[in-house]
Amino acid sequence: MAKVQISNVVVLNNPAPFFSPFQFEVTLECIEDLPSDIECKIVYVGSAESEEYDQTLDSVLVGPVPSGKHMFVFQADPPDPSKIPEFDALGVTIVLVICSYLGKEFVRVGYYVNNDYVDPELRENPPEKPQFDKVQKNILATDPRVTRFKIDWETPAQTDPTQDSNMSAPSSSSQDEALMPQMPPVEMSMDAMAF
């Protein structure tokens, strides 16, 4: 049984200009004291074509965490537009809130993000080079994708020095399993706000 559940995530500051920070109010429920920190990350998927464009926007440590219900606001700067392929700058992408304990991911909450111009003229005739200062991001806050992973809450993850330490955002559950064979998903939920 999981020692920590994310019971709710509220998307704040939405919709917002592209260069405004991402803000998530995260509520955790811990059924027993956790002596180590929980690591939370916000990852922006720059392109569905390749993980190399994924950007970890911020990472925070929360803890040690006593049993009970806890809430915090997690804020991260926007992605670096120079690291996003121009053909993926507008349209739908994904932002992930990922939580790990002892180096092992136990939950990821994904949201679709639509990036588009506010100005109807720019929507109709978009410039060849994206003008991010005129783009608005709109997170589909009512329909998160939640994936939970069964982990050993007592033993730290063994690190493989040949693996890249960057947390990527796979686009399918088969990639999830390939990246984390020691942590098979135990539950997948598509319920809006039903964490």
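This is a predicted model: local features need pLDDT of at least 70, side-chain atom pairs count only at pLDDT 80 or more; totals for chains, interfaces and linings use all residues.
When I say strand or helix today, I mean a DSSP run, at least two residues of E for a strand and at least four of H or I for a helix, numbered from the N terminus. With that in hand, let me start at Pro 15, which sits in the loop between strand 1 and strand 2, the latter being residues 16–17. The peptide bond leading from Asn 14 into Pro 15 is cis, with omega near -10 degrees. In that loop between strand 1 and strand 2 we also find Asn 13, which has a positive phi of about 55 degrees although it is not a glycine, and which is partly exposed at a relative accessible area of 35%.

The chain averages a pLDDT of 84, and 81% of the residues score at least 70. The part to treat with caution is residues 163–195, where pLDDT stays under 50, although the model does have 76 contacts there beyond four places in sequence.

Now the overall layout. The chain has 2 helices and 11 strands, and if you read along the sequence the pattern is β-β-β-β-β-β-β-β-α-β-β-α-β. Of the 195 residues, 41% count as buried, and the chain exposes about 10400 Å², of which carbon and sulfur atoms supply 50%. Among contacts between residues at least 6 apart in sequence, 72% join residues at least 24 apart. Gln 5 itself counts as partly exposed, at 31% relative accessibility.

Next, the charged pairs. How many salt bridges does a search of the whole structure find? The search returns 6. One of them joins Lys 3 and Glu 154, with the closest N and O atoms 2.2 Å apart. This pair links distant parts of the chain, 151 residues apart, for Lys 3 is in the segment before strand 1, residues 4–12, while Glu 154 is in the loop between strand 10, residues 145–149, and helix 2, residues 173–179. Is Lys 3 buried or exposed? Lys 3 is buried, with a relative accessible area of 12%, whereas Glu 154 is exposed, with 57%. Lys 3 and Glu 154 also belong to a network of salt bridges that takes in Glu 32.

A second salt bridge is formed by Glu 105 and Arg 108, whose closest N and O atoms are 2.7 Å apart, and the side chains of these two residues are likewise joined by a polar contact of 2.7 Å. Arg 108 is found in strand 8, residues 104–117. Glu 105 counts as buried because its relative accessibility is 1%, and Arg 108 counts as buried because its relative accessibility is 5%.

Thr 93 is in strand 7, residues 91–101, and is buried, with a relative accessible area of 8%. A polar atom of the Thr 93 side chain lies 2.3 Å from the backbone oxygen of Val 45. Leaving out residues up to four places away in sequence, Thr 93 touches Tyr 44, Val 45, Gly 46, Tyr 111, Tyr 112, Val 113 and Asn 115.

Tyr 112, one of those neighbours, lies in strand 8 and is partly exposed, with a relative accessible area of 35%. Together with Val 92 and Leu 140, Tyr 112 makes a nonpolar surface patch of about 270 Å².

Technical notes:
Residues are numbered from 1 along each chain as its sequence is written. Side-chain values use heavy atoms; hydrogens and water are left out. pLDDT is the predictor's confidence in each residue, from 0 to 100. Contact means heavy atoms within 4.5 Å. A salt bridge is a side-chain nitrogen of Lys or Arg within 4 Å of a carboxyl oxygen of Asp or Glu. Buried means under 20% relative accessible area, exposed over 50%, partly exposed in between (1.4 Å probe, protein chains only). A polar contact is a pair of N or O atoms within 3.5 Å; within protein, one must be able to donate a hydrogen and the other to accept it, and residues adjacent in sequence count only if both atoms are side-chain atoms. Patches are made of residues with over 30% relative accessible area and no salt bridge: like charges are joined within 9 Å, nonpolar side chains (Val, Leu, Ile, Met, Phe, Trp, Tyr) within 5 Å. Accessible areas come from the Shrake-Rupley method with a 1.4 Å probe; for residues, only the protein chains shown count as cover.
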